[in-house]
Amino acid sequence: MSQQTVLVIDDERDIRELLTITLGRMDLKVEAVGTVGEARRALAEGTYDLCFTDMRLPDGTGHEIIELISLQYPDTPVAMITAYGNVDAAVNALKAGAFDFVSKPVDIQMLRQLVRTALRLAEEKRAGGGAKTGGSGERLIGDSPAMQQVRSTIGKLARNQAPVYIAGESGVGKELVARLIHEQGPRASGPFVPVNCGAIPSELMESEFFGHRKGSFTGAVNDKEGLFQAAHGGTLFLDEVAELPLHMQVKLLRAIQEKAVRPIGGRDEVPVDVRILSATHKNLAGLVEQGQFRQDLFYRINVIELRVPPLRERRGDVPQLSAFILRQLAAKSGATPGRLLPAAQAALDGYDFPGNVRELENILERAMAMSDGETIDISDLMLPQRNARADGVPPAAQQQASASQTASAPAAAPANNPGDGGLDDYISNLERSAIIKALEESRYNKTAAAKKLGITFRALRYKLKKLGID
């Protein structure tokens with residue numbers, strides 16, 4: 001195998017020498033130039049596995065180099081060398097197509113990790129043309145134009161290290177999209193660490209994210225690794241990032257910018273090599289305008305935005321999704337996959353799915369439990385009629401559902417009567433109804449549902465388990 005070659009573009013002699021020595025010790029061949037013109041000639045005459053470019057050059061800018069490489073040499077990863085703390089330049093470089101960035105003064109350990117990741121990416125591109133397919137990619141079900149676009153975008157995003165903000169309603173599959181970006185990129189062999197920002201108590205957030213040293217506070221009996229350290233070499237997925245309190249937004253911004261964290265009670269910062277993916281069902285830009293989310297953090301995590309469409313915008317995928325989910329449910333229980341009767345399929349096709357794919361999974365799991373045999377009728381679905389589209393469900397199917405539900409449903413007990421089940425059962429039923437209503441109104445987002453109910457996320461999770469609500 002031929003020696004891999006790196007092109008370094010920087011007008012500072014000391015930086016060129018530092019990179020030449022460091023990369024040379026990694027058994028890499030280094031060519032170093034100091035101007036945009038020299039870089040253009042070098043790129044035209046040679047082939048490079050990786051490129052580093054400074055931001056400011058005597059006859060132009062590093063952005064010119066990045067745009068040139070992205071357009072004419074797309075298989076060559078390029079990283080920007082930025083001045084310390086110049087976050088705007090780093091973000092702009094990533095948007096222009098840079099693979100990653102490194103700040104001056106150059107941290108040798110971080111530089112080596114960046115180079116290893118970039119060279120893995122270059123090898124994958126030469127071997128297979130970019131993002132890997134198959135495996136977990138098969139879980140992103142649907143052939144609608146909207147989903148084809150999402151899959152195509154995932155493949156492109158997997159090839160760089162830019163922070164990605166995944167937008168979409170609750171239940172559309174934002175975490176799955178994040179996993180695919182991770183698994184199809186050069187960090188696939190590293191850890192994927194998902195964290196629900198709304199599920200961590202505010203007073204424990206700093207310890208959870210950055211870790212702590214033994215004795216740093218009451219109860220810290222041992223050193224603890226934080227989420228950033230756990231994701232080192234891989235991807236940290238910040239789900240429901242809008243739930244972060246402002247004081248943690250400041251600390252998170254610093255960790256992302258400096259690529260280092262300081263554990264509670266620690267004296268020194270610990271370098272971390274982590275790609276940040278984030279998501280929320282909320283309007284993050286609107287929260288920035290309201291002063292509830294920091295603008296600088298928003299721009300740092302939202303270098304590239306990927307919107308995952310709700311299920312009602314890709315209705316053509318519902319039959320395929322339903323069949324896939326039914327096969328999965330059958331595999332778990334060891335049963336034969338259920339089959340939707342035409343009226344049931346028509347009802348699903350016409351339903352708006354406020355809870356999206358997650359709600360479809362819940363509906364089908366309940367329907368399998370309610371059905372008498374291997375076929376699922378419209379009455380087994382128990383769809384809330386207020387959310388069904390009249391034009392999507394045939395009138396005969398609606399009448400059949402109404403008649404079937406009327407014939408099979410027991411008479412409802414008066415709401416103010418504990419009945420024969422005792423007070424505990426009565427209270428449990430009231431709790432169950434209130435929780436289900438809150439989940440439906442919040443589009444099955446548990447954090448939002450907990451707020452509606454006036455309880456903590458942890459308390460809601462306990463009640464869901466106690467009452468058997470999935």
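Me: Why is F209 called buried?
Reply: Happy to start there: F209 has a relative accessibility of 0%, and buried means under 20% relative accessible area, with exposed over 50% and partly exposed in between (1.4 Å probe, protein chains only). F209 therefore counts as buried. Do keep in mind that this is a predicted model, where local features need pLDDT of at least 70, side-chain atom pairs count only at pLDDT 80 or more, and totals for chains, interfaces and linings use all residues. Residues are numbered from 1 along each chain as its sequence is written, and side-chain values use heavy atoms, leaving out hydrogens and water.

Me: What makes Y351 and F353 an edge-to-face pair?
Reply: Their ring centres lie 4.7 Å apart with the planes at 80°, so the pair belongs in the edge-to-face class. Y351 has a relative accessibility of 1% and is buried; F353, at 1%, is buried as well.

Me: Which residues form a cluster through ring pairs?
Reply: F209, F210 and F228 are linked into one.

Me: How do you know that K259 lies over the face of F101?
Reply: The distance from the ring centre is 4.3 Å. A charge sits over a ring if NZ of Lys or CZ of Arg is within 6 Å of the ring centre and within 35 degrees of the ring normal. K259 is therefore listed as lying over the face of F101.

Me: What makes Q113 and D273 a polar contact?
Reply: Their side chains are joined at 3.2 Å. A polar contact is a pair of N or O atoms within 3.5 Å; within protein, one must be able to donate a hydrogen and the other to accept it, and residues adjacent in sequence count only if both atoms are side-chain atoms. Q113 belongs to helix α5 (residues 108-128) and, at 15% relative accessibility, is buried.

Me: Which residues does T117 touch, leaving aside its neighbours within four places in sequence?
Reply: T117, also found in helix α5, is in contact (heavy atoms within 4.5 Å) with F99, Q161, P186, R187 and D273. Its relative accessible area is 2%, so T117 is buried.

Me: What makes the backbone at P105, N356 and M382 worth a look?
Reply: Most residues other than glycine have a negative phi, and most peptide bonds are trans. The peptide bond from K104 to P105 is cis, with omega near -5°, and P105 lies in the loop between β7 (100-103) and α5. N356 has a positive phi of about 60° and is placed in helix α15 (residues 356-370). M382 has a positive phi near 50° and lies in the loop between α16 (378-381) and α17 (395-408).

Me: Why does M382 count as partly exposed, and N356 as buried?
Reply: M382 is at 35% relative accessibility, so it falls in the partly exposed band. N356, at 0%, is buried.

Me: How many helices and strands are there in the chain, and how much of it is buried?
Reply: The chain has 20 helices and 16 strands, and buried residues make up 49% of its 470 residues.

Definitions and conventions. Phe/Tyr/Trp six-rings, centres within 6.5 Å; stacked < 30°, edge-to-face > 60°. Helix = DSSP H or I, 4+ residues; strand = E, 2+ residues; numbered from the N terminus.
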